[in-house]
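Take a moment with the sequence and the 3D view before reading on. The paragraphs below are meant to be followed with both at hand.

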Amino acid sequence: MDIPYTTRLREDTNLYNAKVGIWLFLASEVMLFGALFSSYILLRVGAPPGTWPHGLLNIPIGTFNTAVLITSSITVVMSWASLKMGNFGKFRLFQAITLLCALSFLTIKTFEYRDKFTHYEVWKTDGARMTGHIEGTPWFWKTQTLKQKNLDQISFHPDPHHYAEPRAPRGTGAGGEHGGGHLEAITIPTAEISRLSAFVPAHSTYFAVYFTMTALHALHVLGGAIVIGYLWGPGAKLWRTDPERFTNRIEVSGLFWHFVDLVWIFLFPVLYLL
Amino acid sequence: MDDPHDDSQHIARHVKVYLTVFIALLIGTVLTVAMYYQHFESVAVTVAIAVFIATVKASLVAGFFMHLVSERKAIYAILVFTVFFFTGLMALTIWSMHDNPDMTESLQRAPRAAAPAAQHVP
């Protein structure tokens, strides 16, 4: 059975069907991310003063990842333009760069996540709080872990600055993990710890929002990369038999990829900078 | 086919536009980060500038990379509905913020300086 309107334009929409389909899908995606952004706004504005963490994400890395996604967007549109001009070799080159960018983005995000899973906050029984790293950089420890491991004390490398303290002028090196490194290791008796949490979703509303939104976005990057990878590899056979249909597929996958870039354009300042 | 993007010469001309947009997006990213290191007294100003730059960047991506500057009416029709419902969602969000007594109270509280400061142990 032939699928209608894969290349021929419909008389009523003046578009091929896949293009209408992807735009309808993107409209639903706008509402999905819109709901998450509106949740973020409500949670952020409703947070009691001093409880919303600042400066816990690495801004240079986030900036680099933004540049990576923007680069992938230009290579996607250039690959489509190459096909339109009949240059399949250039299409392959540009999409290979796109795939490299996607892989780079996900790899960098993985390292960012890993850093959060080994970064801790300690709430002491006297009300003091501090962030830093536990000796040996264990993953996912929580208050119960201390009991399960029968630990009397932990060796802790505190950060020089806690996010609830008034911020030092930006760029002076005192703004969280990207400034200033750690102080000397201190020993904290476990009896003095009322709560211990890594920077995981359970840590705070901020990290719940951060992981929900960035993980959903990363899943989109992964999904887009799989489709682009298929069309770059085995799916490219279609170019020989039906180049116009293949070019349309590239356009549709490109529209999805640009949307993923567009979401990150808002996620980056909202989560990293504000 | 009768598609505005089919003409290869037309595409070749647009490649220059794509590259210009790419550079503009990179500049926008640098400006966003530079804004972070610039100290603004008002949080509202900081948020407004960041959202404005992000909106300009998003418009460039949607307009040129996604070809919305020269699309068919059917696509615009889909987007009109999307914009309507998205705007409604955000308007309801903002409305609910001012409709909630607890949240209104937290909005009126003094900013960070008056917060119950967590004591930092060195």
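This is a predicted model: local features need pLDDT of at least 70, side-chain atom pairs count only at pLDDT 80 or more; totals for chains, interfaces and linings use all residues.

Start with the overall layout of chain A. Its domain assignment gives two parts. Domain 1 of chain A is made of three segments, 31-44, 54-116 and 204-273. Domain 2 of chain A takes in 120-164 and 176-198. How far apart do the C-alpha centres of the two domains lie? The distance between the C-alpha centres of domain 1 and domain 2 of chain A is 35 Å.

Now turn to a pair of helices in chain A. Packed helices are described by the angle between their axes and by the distance between those axes. Helix α1(A) covers residues 17-46, and helix α7(A) covers residues 243-273. Angles under 35 degrees count as roughly parallel, so α1(A) and α7(A) are roughly parallel to each other. The crossing of α1(A) past α7(A) is right-handed.

Which residues meet there? On the α1(A) side they are A18(A), K19(A), I22(A), L26(A), E29(A), F33(A) and Y40(A). On the α7(A) side they are N248(A), V252(A), L255(A), F256(A), F259(A), V263(A) and V270(A). Sorted by class, this contact has eleven nonpolar residues, one polar residue and two charged residues.

Next come the strands of chain A. Strand β1(A), residues 120-124, pairs with strand β2(A), residues 128-134. The pairing is antiparallel and runs over four bridges. Within it, V122(A) has M130(A) as its bridge partner.

Finally, look at where the chains touch. In chain B, 58 residues are in contact with 58 residues of chain A. Which elements give two or more residues to the chain B side? They are α1 (8-37), α2 (43-65), α3 (73-99), α4 (101-108) and β1 (119-120) of chain B. The largest share comes from α1(B), with 14 residues. By class, the side of chain B that touches chain A has 39 nonpolar, 13 polar and six charged residues.

Note on methods:
Residues are numbered from 1 along each chain as its sequence is written. Chains are lettered from A and ligands numbered from 1 in the order in which they are written. Two strands pair if DSSP finds at least two bridges between them. Two residues are in contact if their C-beta atoms, placed from the backbone, lie within 7 Å. Ala, Val, Leu, Ile, Met, Phe, Trp, Tyr, Cys and Pro count as nonpolar, Asp, Glu, Lys and Arg as charged, and the others, Gly among them, as polar. Domain bounds come from an automatic or database domain assignment. Axes are lines fitted to C-alpha atoms, for helices over the stretch in contact, and angles run from 0 to 180 degrees between N-to-C directions. Angles under 35 degrees count as roughly parallel, over 145 as roughly antiparallel, 65 to 115 as roughly perpendicular and the rest as oblique. A crossing is left-handed if the near helix is turned anticlockwise from the far one by less than a right angle, and right-handed if clockwise.
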